[in-house]
Amino acid sequence: MPNSPLSSFDDAGMHDALQRVFGFRSFRPNQQEAVTALLDGRDLLAVMPTGGGKSLCYQLPAVMLPGTALVVSPLISLMKDQVDGARANGIRAACLNSALLPDERSSVMRDLLDGALDLLYVAPERFALDHFQELLGRLQISMAVIDEAHCISEWGHDFRPDYLALSAIRDVRPDIPVAAFTATATGNVRQDIAQRLGLRDPVLVRASFDRPNLWYEVRGKESGDSQLVSILKEFPGQAGIVYRTSRKSVNDTAAMLVKRGFRALPYHAGLPDGERQRNQDAFIRDEADIVVATVAFGMGIDKSNVRFVIHADLPRSIESYYQETGRAGRDGGDARCIMLFSTGDIPRVRFFIDAMLDEEERARALSGLSKVVAFGSAAVCRRRMLLEHFGEAYPKENCATCDVCLGTKEVTECTTEAKMLLSAIIRTDSRFGAGHIVDILVGADTQKVRELGHDRLKLYGAGKGHGRIFWRRLLDELLARKVLAKSEGLYPVVYPLEGAVGILKEGEKVEMVRVVEKRQGKTDAKRLSPDGLPADRELFERLRALRKQLADEQGVPPYVVFSDRTLHEMASRKPLTPGEMLEIPGVGQTKLARYAEAFLALIAGAGLP
Ligand code: ADP
Ligand code: MG
Ligand code: ZN
């Protein structure tokens with residue numbers, strides 16, 4: 001059954017290939033387990049986060065094993081980038097899809113039949129075709145790899161009916177191991193994957209979802225453009241994504257940024273296909289720094305040097321927030337995820353949720369929303385909250401890479417104010433919503449207040465000393481602590497729960513915890529972006545320009561030539577010989593032969609006075 005005896009690949013052989021082909025010294029967490037499983041001819045189900053290094057898990061065994069590995073990938077653009085990336089490392093890779101010209105196609109077929117390919121990327125629908133199945137029967141195949149395997153499940157968020165055709169693999173080639181990779185899989189999606197692909201006693205690899213190189217930060221969202229603009233100025237010339245909710249806000253923000261001199265482009269499903277593709281390509285090729293996008297932008301972007309992801313509007317759920325921020329820092333270099341948070345965004349999201357017809361869907365969306373709001377407003381480590389959402393306990397007390405862990409917490413006692421708030425609710429018989437209660441406290445002169453005679457209450461205007469925002473936050477805090485509750489429905493009212501008694505009668509204290517942003521001083525700004533700026537910025541920029549030039553000559557994205565991380569290492573270690581160049585992570589034998597001369601010359605020249 002397994003097509004390679006267990007003993008033929010030892011640890012040393014694997015590490016040697018890792019260094020030779022990819023230029024990496026060590027595996028990322030869980031990679032070695034996955035590679036070993038495939039070298040042993042076992043079926044595999046690997047759940048690893050974006051940027052976890054899934055490609056290497058099958059590319060390395062594909063190089064080491066005889067025969068061709070089939071790799072299924074959902075998008076033609078993804079396949080192309082993967083093939084470019086593999087070839088840059090000297091791996092014999094090609095793809096077979098509808099975008100090929102006839103003579104490209106026949107050359108791929110020739111290589112395939114000659115056994116001259118380590119990797120063949122194929123679109124899933126091909127497996128339903130008789131002639132392709134017949135071809136599979138004649139080839140020497142090392143394994144079948146299903147990337148983005150969650151696409152096979154209707155439970156997942158990217159279901160692709162085309163992926164159902166993949167169940168044919170097992171029938172046509174029962175002799176080859178099947179490996180499934182995905183970054184998102186809940187229990188039922190995992191089961192679906194295993195069942196539909198007919199996995200046989202698969203090795204299960206589950207990596208942690210922690211992305212230690214991502215720095216999480218939530219900032220109070222301000223109105224107007226200046227906040228976003230000043231954040232973007234912290235990333236001169238770096239690549240990043242700004243997520244917005246609506247197509248219109250995407251267009252407006254992109255146009256605003258262009259006017260202010262940023263290299264920004266819009267991306268959303270309402271743009272003509274050609275323009276959308278062009279904008280995506282420009283971003284991938286480092287010709288635009290910023291993509292302003294709706295959630296439509298993401299899958300199909302393997303660009304490894306995305307240095308920041310900004311959510312300028314409230315994300316829909318923790319899952320989508322995690323997925324979207326996950327596109328940053330695939331190369332392992334530090335990257336920042338900044339959410340601009342305002343409870344003022346809630347009504348708009350509510351509007352869409354209320355319009356949902358399916359009860360269950362609406363309930364799910366509502367609970368998703370409330371979790372995102374809790375994420376944005378709680379003074380709890382962001383990383384811990386994200387991981388706990390995925391059922392993973394975070395072992396450290398302080399992650400040192402989120403605004404909560406790095407900030408100082410400001411604790412304000414507001415027991416008196418809490419009592420006022422509770423009294424205002426009780427005096428009005430718990431019949432009103434948060435907005436009206438706050439109106440009473442701040443003494444707002446509204447029609448509703450006058451008509452109900454609430455301006456004659458003793459508490460009317462008693463809370464004038466604080467603004468509306470303060471009272472809303474306090475109310476949220478009391479809701480979160482289950483001192484107050486909110487009714488369901490279109491016009492929710494707030495009402496006290498048992499916990500209110502403790503505060504009103506038993507002398508219980510109320511404190512509001514707020515994270516004070518430390519961003520004024522230079523040192524603090526740096527703490528949130530440790531390797532944002534490389535040691536030798538000027539050399540780094542010149543290496544980057546050379547990378548872009550070589551990439552253009554070869555028609556590949558710049559990150560395929562070298563990752564940002566590799567360039568950072570070159571800029572700080574300044575290798576002068578091929579031997580020293582090989583020490584740089586990301587420089588394997590093929591890239592050494594192809595690029596070392598140009599980069600060494602540049603570095604040597606830069607060292608001269
Ligand atoms: P995924 O598909 O899991 O999102 P990729 O396979 O695209 O991740 O890999 C993300 C990045 O990590 C790539 O730039 C890749 O070169 C890099 N990478 C993978 N494995 C290693 C490793 N062992 N050491 C250093 N970098 C790695
Ligand atoms: Mg991938
Ligand atoms: Zn933290």
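Tutor: The 4 donor atoms around the zinc ion (ligand 3) subtend angles of 104 to 116°, so the arrangement is tetrahedral. Four donors count as tetrahedral if all angles lie between 85 and 135 degrees. This is a predicted model: local features need pLDDT of at least 70, side-chain atom pairs count only at pLDDT 80 or more, and totals for chains, interfaces and linings use all residues. Residues are numbered from 1 along each chain as its sequence is written, chains are lettered from A and ligands numbered from 1 in the order in which they are written, and side-chain values use heavy atoms, with hydrogens and water left out.

Student: Which protein donors does the zinc ion (ligand 3) have?

Tutor: The SG atoms of C381, C399, C402 and C405, at 2.3 to 2.4 Å from the zinc ion. Donors here are N, O and S atoms within 2.8 Å of the metal (3.2 Å for Na, K and Ca); water is not among the atoms, so sites may look incomplete.

Student: What spacing do the donors follow along the chain?

Tutor: C-x17-C-x2-C-x2-C.

Student: Is C399 buried or exposed?

Tutor: C399 counts as buried because its relative accessibility is 6%. Buried means under 20% relative accessible area, exposed over 50%, partly exposed in between (1.4 Å probe, protein chains only). C405, at 13%, also counts as buried.

Student: New topic, ligand 1. How many residues surround ligand 1?

Tutor: 15, and the closest are Q31, G51, K54, S55 and R330. A residue belongs to that shell if one of its heavy atoms lies within 4 Å of the ligand. Helix α3 (residues 54-64) gives the largest share, 3 residues. Helices are DSSP runs (H or I, at least four residues), numbered from the N terminus.

Student: Which polar atoms come close to the oxygen and nitrogen atoms of ligand 1?

Tutor: A nitrogen atom of ligand 1 is 2.9 Å from a polar backbone atom of S26. One oxygen contact is with a polar backbone atom of G51, at 2.6 Å, and another is with an N or O atom in the S55 side chain, at 2.8 Å. The protein covers 82% of the 570 Å² of accessible area that ligand 1 has on its own. Such areas come from the Shrake-Rupley method with a 1.4 Å probe.

Student: Last one: where is R544 found?

Tutor: In helix α23 (residues 537-554). R544 counts as buried because its relative accessibility is 18%. A polar atom of the R544 side chain lies 2.7 Å from the backbone oxygen of G237.

How values were computed. Tetrahedral: all angles 85-135°; square planar, octahedral: opposite > 155°, others 65-115°. Polar contact = N/O pair within 3.5 Å; in protein donor to acceptor, adjacent residues only side chain to side chain. Helix = DSSP H or I, 4+ residues; strand = E, 2+ residues; numbered from the N terminus.
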